[in-house]
Amino acid sequence: MLSPRHETGPPDLTTPEGFGAFYEEHIDAVLGFVTRRAADPHLAADLTADIFLAAMGSASGYRPNRGAPIAWLFGIARNVLSGHARGLARESGALARLSGRRLLDDEDVAALEERIDAQRAFRKLAERHAALSEPLRAALDLVVLDQLTPAEAAQALGVTQATVRVRLHRARRALGAPGSATKSQLEAAR
């Protein structure tokens, strides 16, 4: 036997009264649909609420001539459950990716901070190295990076050994660490 609501046509889902009547009529069917697919009662209640919220949001798109209201509602329910399953799969994948990683402890954080500070110092040294004039940079690179003696560097540059020593002194002073520019610092700056 049809209820009086069906005899007068489908409910108007766009009004609070119409949607309320629709909810009352179909809540048990939706709960049954969800509880057959979800074992956790809290999850079933949340999913049922999500289904009716989604139905309320798309009520203006409901077309009675396209089928029974319960079929439309179960279509929404399937979409909500599918969305929930995709979310669980994403979460499970993220947890699997993280499971092999450990959280940083205080020593790890300290090591990272030290490395960041070293990189900052390296960038400053590299900027100062790049700002050197070509003659100063050439003398410094030949002696520090290429490990030539000042005499060998002078020969390679076609200048006197005294000129190379003056250029080395000026280059080291410009780098901010007289006599202490190491090969590794300059190699890093190149």
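These legends describe close-up views of one predicted protein model.

Residues are numbered from 1 along each chain as its sequence is written, and side-chain values use heavy atoms, with hydrogens and water left out. Because the model is predicted, local features need pLDDT of at least 70 and side-chain atom pairs count only at pLDDT 80 or more, while totals for chains, interfaces and linings use all residues.

View 1. Helices (H or I, at least four residues) and strands (E, at least two) are DSSP runs, numbered from the N terminus. Along the sequence the pattern reads α-α-α-α-α-α-α-α-α. Of the 190 residues, 27% count as buried (under 20% relative accessible area; exposed is over 50%, partly exposed in between; 1.4 Å probe, protein chains only).

**View 2. Helix 7 crosses helix 8.** Helix 7 spans residues 150-157 and helix 8 spans residues 161-175. Their axes come within 8 Å and cross at roughly 105 degrees. Axes are lines fitted to C-alpha atoms, for helices over the stretch in contact, and angles run from 0 to 180 degrees between N-to-C directions. Helix 7 is therefore roughly perpendicular to helix 8 (65 to 115 degrees; under 35 is roughly parallel, over 145 roughly antiparallel, the rest oblique). In contact (heavy atoms within 4.5 Å) are Pro 150, Ala 151, Ala 153, Ala 154 and Leu 157 of helix 7 with Gln 161, Val 164, Arg 165, Arg 167 and Leu 168 of helix 8.

**View 3. Phe 19 and Phe 22 form a tilted pair.** A search of the whole structure finds 5 aromatic pairs. Rings of Phe, Tyr and Trp (its six-membered ring) pair if their centres lie within 6.5 Å; planes under 30 degrees apart count as stacked, over 60 as edge-to-face and the rest as tilted. Here the centres are 5.7 Å apart and the planes stand at 50 degrees, so the pair is tilted. Both residues sit in helix 2 (residues 16-35), 3 residues apart, which means about one helical turn separates them. Phe 19 and Phe 22 are both buried.

**View 4. Phe 22 also pairs with Trp 72.** This pair is tilted, with 6.0 Å centre to centre and 55 degrees between the planes. Phe 22 in helix 2 and Trp 72 in helix 4 (residues 69-99) are 50 residues apart, so the pair links distant parts of the chain. Phe 22 is buried because its relative accessibility is 0%. Trp 72 is buried too, at 19%. Phe 19, Phe 22, Tyr 23, Phe 52 and Trp 72 form one aromatic cluster.
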